[in-house]
Amino acid sequence: MTRKVIEGHQPTQEGSKGLQTVLGRDTDRENALFGVQTPRIHTPLNDLPSRGHELIDLAASLKVDLMDWQKFYLEHSHKVKPDGRWATPLNVCVVARQNGKSFLQQIRILGGLFLWDEPLQIGSAHRLATSLEQFRALVSLIEANDSLAKQVKRIRWAHGAEEIETLHGTRFMVKAGGSAARGVSRPETIHLDELREMNDLESFASLRYTLMAARNPLVMAYTNAGDSSSVVLNAFRERALAKIAGADDEIGYFEWSAPTDEISVENARHANPAMGITIHEDNIKSVLKDPPDVVMTEVLCRWVVAISSAVDSASWGNCLDKGVDLDPDKLTWLAIDLSPDRKHGSLVAAQKLGGEQFIVKMLHTWKNDLQLDDKAIANDLADYARKYATEYVLYSRKTSGAVAARLAPAGIPIFDMDSSYPQSCDELLSAINSGRLKHRGQSQLTDEILSAVQLRRGDGGWVIGRRASQAVVCGAVATALVTHFATRPENDLDIMVG
């Protein structure tokens, strides 16, 4: 029977013996830690023949002894049907950084160039620098091997359009971003590096649909864990999980990731199959005190809401208090914010709790796939303004000016926060880190807070970047606005000296 999902499975042999000397130490010593060589999550395996073994032999001819995890991936991502077509024409490899997935891409490109006569392969990454680094490494591999070098017709170095062409007519080219692939004729294989950074479906589509006329198309994607903005990777992962559950889908998905959010070396073994082989366990230990969200994605290969979020998820979690709630009779501040595309909006309220603590609560959200109706929002907001003892409805002219303009004639006090926005963002972060802010654990508010990305300003300050966050963060912005008033001192003397 074929296993569909492997949870914490450990192979009988952990690590490629040919690479264990890389660490320069006796790897057979007692208590040595090795990475888990099989993926924790993968789509169902099958008994079809695999052309991946040809790639493994090619690596051996280059005097590279692949790690067992790399062999596993090459074997199961290159299964072929009886008619010779790929069993999984879309394959995704998810593994932590510096574990050797770049070499997987390089050896696969070499296979297409020199073994399988693939007319054209395209390599693309969200950042051009990533694609160029891969191209340089690929050229170095070729030039270091006389047999391969003799088969090269030309190597073209052109910024964002690098290309390798062989004497028998196969080509590999670098394309700078997805849109640059438009007009390219019938590539056979597309390599997508750092898939987590592809945050819009248009870029992927411009590459994916160039394969429609290929004789045997294949997409190979390589990445570590993503966040809420990783729309293409997240869509592939959802498809993979559906296939594991029984859906009919020709996707191959292989994820080396930690089974829990615990930040530990033991947990990291599942996301770092190269541990004990090319990665010393001490190197893992040395980064575990870095910001938790970064460790989660880079080392544990666990999904977070946003990798570069302004608010640390642990600090936000420490502010949870389900025992607090708004009091309609208490002085209240409301804040409205709309997304730059005017398709989403959020209303957040704040009240002081006593001392320096205060509560924030998301009261209402709006969504319209075309554009929000500012009159309808104003009507909804007016009901909340009358329900609570509202001092001000806070807003930004840049996003919510039209809504605020409808509130003022109704006698609802409004306050423009544009000049105070940078200060309010600082106050929000300080209140969260100190635990003075309290929230009830609303999932929507939590997602938006943790999706908020810091946008640095030239004067050294920062704000929550509405566009830079690449996610809906109206609730986070509105929370910052109400924090500005909720953290005001009770009197003019906040700090007394002497």
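User: Which residues line the second largest cavity?
Analyst: This is a predicted model, in which local features need pLDDT of at least 70 and side-chain atom pairs count only at pLDDT 80 or more, while totals for chains, interfaces and linings use all residues. Residues are numbered from 1 along each chain as its sequence is written, and side-chain values use heavy atoms, with hydrogens and water left out. A cavity is a set of points, on a 1 Å grid over the protein atoms alone, where a 1.4 Å probe fits but cannot get out, and lining residues have an atom within 4 Å of a point. For the second largest cavity, the lining consists of Thr43, Pro44, Leu45, Asn46, His76, Lys79, Thr88, Gly252 and Phe254.

User: How many residues in the lining of the second largest cavity are polar?
Analyst: Ala, Val, Leu, Ile, Met, Phe, Trp, Tyr, Cys and Pro count as nonpolar, Asp, Glu, Lys and Arg as charged, and the others, Gly among them, as polar. In the lining of the second largest cavity, three residues are nonpolar and one is charged. The number of polar residues in this lining is five.

User: What is the volume of the largest cavity?
Analyst: The structure holds two cavities of 30 Å³ or more. A volume is the space filled by probe spheres set on the grid points, which are joined across faces, edges and corners. The second largest cavity has about 60 Å³ of space. For the largest cavity, the volume is about 70 Å³.

User: Which element supplies the largest share of the lining of the largest cavity?
Analyst: The lining has 14 residues, and those nearest the centre of the cavity are Gln105, Ser131, Gln134, Phe135 and Phe172. At least two residues each come from helix 3, strand 3 (120-125), helix 4 (128-143) and strand 6 (171-174), where helices (H or I, at least four residues) and strands (E, at least two) are DSSP runs numbered from the N terminus. The largest share is five residues, and these come from helix 4.

User: How many charged residues are in the lining of the largest cavity?
Analyst: Six residues of this lining are nonpolar and seven are polar. The count of charged residues in the lining of the largest cavity is one.

User: Which strands stand at the edges of the six-strand sheet?
Analyst: The sheet is open, its strand order is 14-13-10-11-12-15, and its pairing is mixed.

User: Which residue in strand 11 is the bridge partner of Ala335?
Analyst: Two strands pair if DSSP finds at least two bridges between them. Strand 10 (residues 331-338) and strand 11 (residues 344-354) are joined by six bridges and pair in the antiparallel sense. Within this pairing, the partner of Ala335 is Val348.

User: Which residue in strand 14 stands opposite Leu394?
Analyst: Strand 13 and strand 14 run parallel, with three bridges between them. The residue of strand 14 that stands opposite Leu394 is Phe415.

How values were computed: On a 1 Å grid over the protein atoms alone, a cavity is a set of points where a 1.4 Å probe fits but cannot get out, and a pocket is an open set with protein on both sides within 12 Å along at least five of seven lines; lining residues have an atom within 4 Å of a point.
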